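I opened a new model today and kept notes as I went.

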Amino acid sequence: LAEQMGFPGGRATASLVMPWASYYTHSASRNPYPHLTLFPVDHGKGKPVLAGVLERVVDRMAAAGGACKPTLDNGYTIPFDPEVFKLVSQEMLDDAGVDYFYRVFASGMAGSRIEDGVVFESKSGPLVIKGRVVVDCTGDGDVAAAAGAPYTLGCGEGVTQPMTLIFMMAGFKRRHFESYVREHPSEWSGVQGLRALIREAIRRGEPELPREDILFFGTMHEGVVSVNSTRVQNVCGIDAWDLSSAEAEAHRQMYRVAGFLIKHVPGFEQAWLAQSGCIIGVRETRHILGDYVLTDEDVMFARKFDDAIARSTYPIDIHDPRGKGTIVRDIPFNESYDIPLRCLRPRGQERIVTAGSCISGTHVAHASYRVMPVSMATGQAAGVCAALAAERQVSAHEIPAREVQQELRLQGALV
């Protein structure tokens, strides 16, 4: 395992992306809830469509006091403590005997073939690591692209969903906020709102906020909320200059949003900005084109595939790349869609398997499968496919889907 940060966990620990999204089917909502939850309230009773490694991670996190298991009260999301997740994921790597290499990132290929090795930049200089098969979980498809795999960028015109720097506010008084919401019920729904307070602040001449509303979630800890309300647009997550400017702009926005909460929102009067992500959260960059491209219709019509290796119930969730607003399109009630193994196998690449955000799909389909539980499921499937290919010394494209599915079932996955 080669990891850019000094700890495992990916965007969950480095960018504080929380809570993990629901992977339960939807049904008719029981909204409004009888009490303030600070979690999604548009989710009726459902059943899980993912398990496997994800379930084991959640169980170990919960046993360590670092996560709440998904329930109807938390909208089947998973609130977690990122510091506990760092420890638990590290322990799971050690238990599995994984060799890991921290503080490195893939920068290119050592030759014309994947067998020649991948170049990683490190404090000791460039290093070459060789493997029979590479699983690209960079989120951006860095290795696959460097090897020559075809891809699209964002919506196809080079425009991607905006980036967000998530931050934590401590000292939040839930009762004070709940009283405000009770008196102004139109101002808050589940995890977002406060539009009237924002408009009033702007009317008085205060700086505009990056979003038209405020979005924040409850966490594992009383008095601490996770704020997802910065929005950096017209930047590309595979452009070094854009990333640099995006980080600076996101921090400026963060202080504006935190100041607004403290000054105007009941419950935040004595709160403070406690922590922000180490790196900005990048929603979308490359879509590595595979043997199949998952489409908008596949998601919305809950299509099934013979070579399915993962499922998702998360809605299409597009943060406007250019303006304000978010487009949300729900999956049909009590349904899920399949993600086929073909989406994980890049065209023309025999020794690379992709997983997570960069798998093969359209801009719109990606807006659903990009979330963390689905990324864990595709990661598990990619690992199985890569291991079978490496063991047999054959192309990843030659591994029958039914054998990947069989091994996933043995590992507790739902396929």
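**Entry 1: the sheet**

I began with strand 8 (residues 167–170) and strand 13, which run antiparallel and are joined by four bridges. I count two strands as paired if DSSP finds at least two bridges between them. Helices (H or I, at least four residues) and strands (E, at least two) are DSSP runs, numbered from the N terminus. Across this pair, Met-168 faces Gln-275 in strand 13.

A note on the source: this is a predicted model, where local features need pLDDT of at least 70 and side-chain atom pairs count only at pLDDT 80 or more, while totals for chains, interfaces and linings use all residues. Residues are numbered from 1 along each chain as its sequence is written, and side-chain values use heavy atoms, without hydrogens and water.

**Entry 2: strand 11**

I looked up the partners of strand 11. Strand 10 (residues 192–193) pairs with strand 11 through two antiparallel bridges, and Gln-192 stands opposite Leu-215. Strand 12 (residues 224–227) pairs with strand 11 through three, also antiparallel. There, Phe-217 has Ser-226 as its bridge partner. Five residues lie between the strands of this hairpin, and Gly-223 takes a positive phi near 85°.

Is strand 11 enclosed or open? Five of its five residues are buried, so strand 11 is largely enclosed by the rest of the structure. Buried means under 20% relative accessible area, exposed over 50%, partly exposed in between (1.4 Å probe, protein chains only).

**Entry 3: helix 5**

In helix 5 (residues 174–183), I found Phe-177, Glu-178, Tyr-180 and Val-181 buried. They span an arc of only 160° around the axis, which puts them on the same side of helix 5. The arc is taken from the directions from the helix axis to the C-beta atoms. Arg-175, Arg-182 and Glu-183 are exposed on the other side. The buried residues pack against strand 9, helix 6 (195–203) and strand 11 (214–218); contact means heavy atoms within 4.5 Å.

**Entry 4: the lining**

Last, I checked the largest cavity. Its lining divides into nine nonpolar residues, one polar and no charged. Ala, Val, Leu, Ile, Met, Phe, Trp, Tyr, Cys and Pro count as nonpolar, Asp, Glu, Lys and Arg as charged, and the others, Gly among them, as polar.
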